[in-house]
Amino acid sequence: MTKHFVITLLLATLLLPCQAQKYKMRFDIPDATADTLYIGYHYREQALIVDSAIRQDKTVGSTRYGVYTFMGNKPWETGMYTLFERGAKKTMMDFTIDGSQQFTIVTTPTYGVANPEKDIKGSEANKVMFQYNNRIAEARKQARDIDERKKSTDPEVRKKAEKEMDELSAQMIEWEENYIKKNKNYRFFQLLDMFRGPIVPDEVVDKPYYYRNHYWDDVDLSDHSLLYTWELFNKMNYFFFGVLFDADCDTICKYADRLFHSIESDTVMLRYFLDYIMPRYYRSTKKIGWDAVWCHLVREFYLSGICTWASAADIQNKRQTVEFLEQSLIGAKGQELYMADTNQSPDPKDWISSHRFPQRYVILWFWDPDCHHCQEQTETLKELYDSLSAAGNKFFEVYAVGYEADVVKWKKYVREHNLPFVNVGGQNVNIDYQVAYNVHGAPTMIILNEERRIIMNKVLPTKAILPFFKKYEEQQRAKRQH
């Protein structure tokens, strides 16, 4: 089995029943200046405050401590909590409430715990947790030191450092597994084990595929206490925008469907995921095709009736948006435009088609001569166009649409800058191109393939156009071979 030296930071809130008792949690912090500290927990990327304490000062020897005591009559839920400064704007430290709710923690000025056995009174759960964190931090420091020696120009030094790293990794794997097993009755360690991620067997050939397929194996998504953990948020965020970041739309939809259908009867958990990830795919400019993921999820979960929390108005709005966006998704047939060129003939017989060119590809370039960014991109696109034309390798045509431009200014700019594209604009057009291609600003770039289907619907910098075509054609060749 391939095991990785996994260093896991503190987890966040876990909600489980605990015995009724008063709580008194005290934190002694050297040289603290904050008038008030707060305790809270996490829900997705938000911090929720549940208690506060005002600083009282005390001096021990030459050290002044800020003492913050949280007291009350209502018992807390078992789990991980966070100590904040200035509301929820600055995280100071994480700690656990598990078992005893009357304890004292003496921290370092940087909110660590130097000697948990001595500095923590009344909470065995916090002792073993901070002992774990200190050992992990120590191993990380050792690993950094070894990494520096691995950069040596001396082969013997590098060889020795590599051996030390292997030994450290093996030692920490064994230590971590034993420590977690020894303290498995504490919720912190139960969750630490849950969120460590899948171990990929050595014999597996396609390790990324195995990792994606087993990513959620150990996470009990029926446990609503996980909703209030920082680690569930991190795991969700990393899965969709880390593990699946470079995946194509179909792959993202496949794994999203598998995960969300497994929890579709749990509206609370399903909404936790969908409310976070869907806005990040909606009209996203980060990756080509992400808007298609949003459309798929709307149809699969909202329009199918699974998202019972959504209002009728929300459903109708999403339906209309999907129908609008789907016209310009990757793979959709590009609608043929007929527009007048700079002669501005009112006769449709004189208008120019966006599709009828001998070149394999067509770049629909929606630009505005009054837009500075449009001007820059148009000039660099012209340079690429001219260089390919001069080399006899102009494999695409540019159908340049003066987007909402003043016709006089547009024609003047085209003439003065000698733009070699197929230049069209004005009001003489067969359809509303803003609707047909989801053009809601300039510049916008749409690329059509030889079948005049959309293969790109985001603005590419000029330097990225040729690499895009190269990658696209490699992908097409690979598909044909399979």
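In which order do the strands of the open sheet of five strands lie? The order is E4-E5-E1-E8-E9, and the pairing is mixed. The legends below begin with the whole chain and then return to this sheet.

**Figure 1. Overall view of the predicted protein chain.** The model is predicted: local features need pLDDT of at least 70, side-chain atom pairs count only at pLDDT 80 or more, and totals for chains, interfaces and linings use all residues. Residues are numbered from 1 along each chain as its sequence is written, and side-chain values use heavy atoms, with hydrogens and water left out. The secondary structure of the protein chain comprises 14 helices and 16 strands; helices (H or I, at least four residues) and strands (E, at least two) are DSSP runs, numbered from the N terminus. The radius of gyration is 30 Å, well over the 23 Å that the globule rule gives for 482 residues, so the chain is more spread out than a compact globule. This radius is taken over C-alpha atoms, and the globule rule is 2.2 Å times the number of residues to the power 0.38. Along the principal axes, the C-alpha atoms fill a box of roughly 90 × 65 × 45 Å.

Figure 2. Of the 482 residues, 47% are buried; buried means under 20% relative accessible area, exposed over 50%, and partly exposed in between (1.4 Å probe, protein chains only). The protein chain exposes about 24,500 Å², of which carbon and sulfur atoms supply 48%. These areas come from the Shrake-Rupley method with a 1.4 Å probe; for residues, only the protein chains shown count as cover. Among contacts with a separation of 6 or more, 68% join residues 24 or more positions apart, where contact means heavy atoms within 4.5 Å. There are 63 positive and 66 negative side chains, and the centres of the two sets lie 2 Å apart. Lys and Arg count as positive and Asp and Glu as negative, whereas His and the chain ends are not counted; the place of a charge is NZ of Lys, CZ of Arg, CG of Asp or CD of Glu.

**Figure 3. The open sheet of five strands.** In the order E4-E5-E1-E8-E9, the edge strands are E4 (56-60) and E9 (120-121), each of which pairs on one side only. Two strands pair if DSSP finds at least two bridges between them. Strand E1 (residues 23-30) and strand E5 (residues 63-72) are antiparallel, with eight bridges. The bridge partner of Arg26 in E5 is Thr69.

Figure 4. Strand E6 (residues 79-85) has seven of its seven residues buried, so it is largely enclosed by the rest of the structure. Its antiparallel pairing with strand E2 (residues 36-43) has four bridges, and Ile39 has Leu83 as its bridge partner in E6. Strand E7 (residues 90-97) pairs with E6 in the antiparallel sense over seven bridges; Lys90 in E7 is the bridge partner of Glu85. E2 also pairs with strand E3 (residues 46-54), antiparallel and over eight bridges, and Gly40 stands opposite Ile49 in E3. The hairpin of E2 and E3 has two residues between the strands, and Arg44 takes a positive phi near 50° there.

**Figure 5. Surroundings of Leu227.** Leu227 is placed in the loop between helix H5 (207-213) and helix H6 (230-243) and counts as buried at 2% relative accessibility. Leaving aside neighbours within four places in sequence, Leu227 is in contact with residues including His42, Tyr43 and Arg44, and also with Met269 and Tyr272. The C-alpha atoms of Leu227 and Met269, 42 residues apart along the chain, are separated by 7.4 Å.

**Figure 6. The open sheet of seven strands.** The order is E11-E10-E14-E13-E12-E15-E16, with mixed pairing; the edge strands E11 (352-353) and E16 (454-456) each pair on one side only. Strand E12 (residues 361-367) and strand E15 (residues 444-448) pair in the antiparallel sense over five bridges, with Ile363 opposite Ile447 in E15. The peptide bond from Ala442 to Pro443 is cis, with omega near 0°, and Pro443 lies in the loop between helix H13 (433-436) and E15.

**Figure 7. Lys382 and Asn418.** Lys382, in helix H11 (residues 372-390), is buried, with a relative accessible area of 16%. Beyond its neighbours within four places in sequence, Lys382 has contacts that include His417, Asn418 and Phe421. Asn418 is found in the loop between helix H12 (407-416) and strand E14 (422-429); at 57% relative accessibility, Asn418 counts as exposed. Its phi is near 50°, a positive value in a residue other than glycine.
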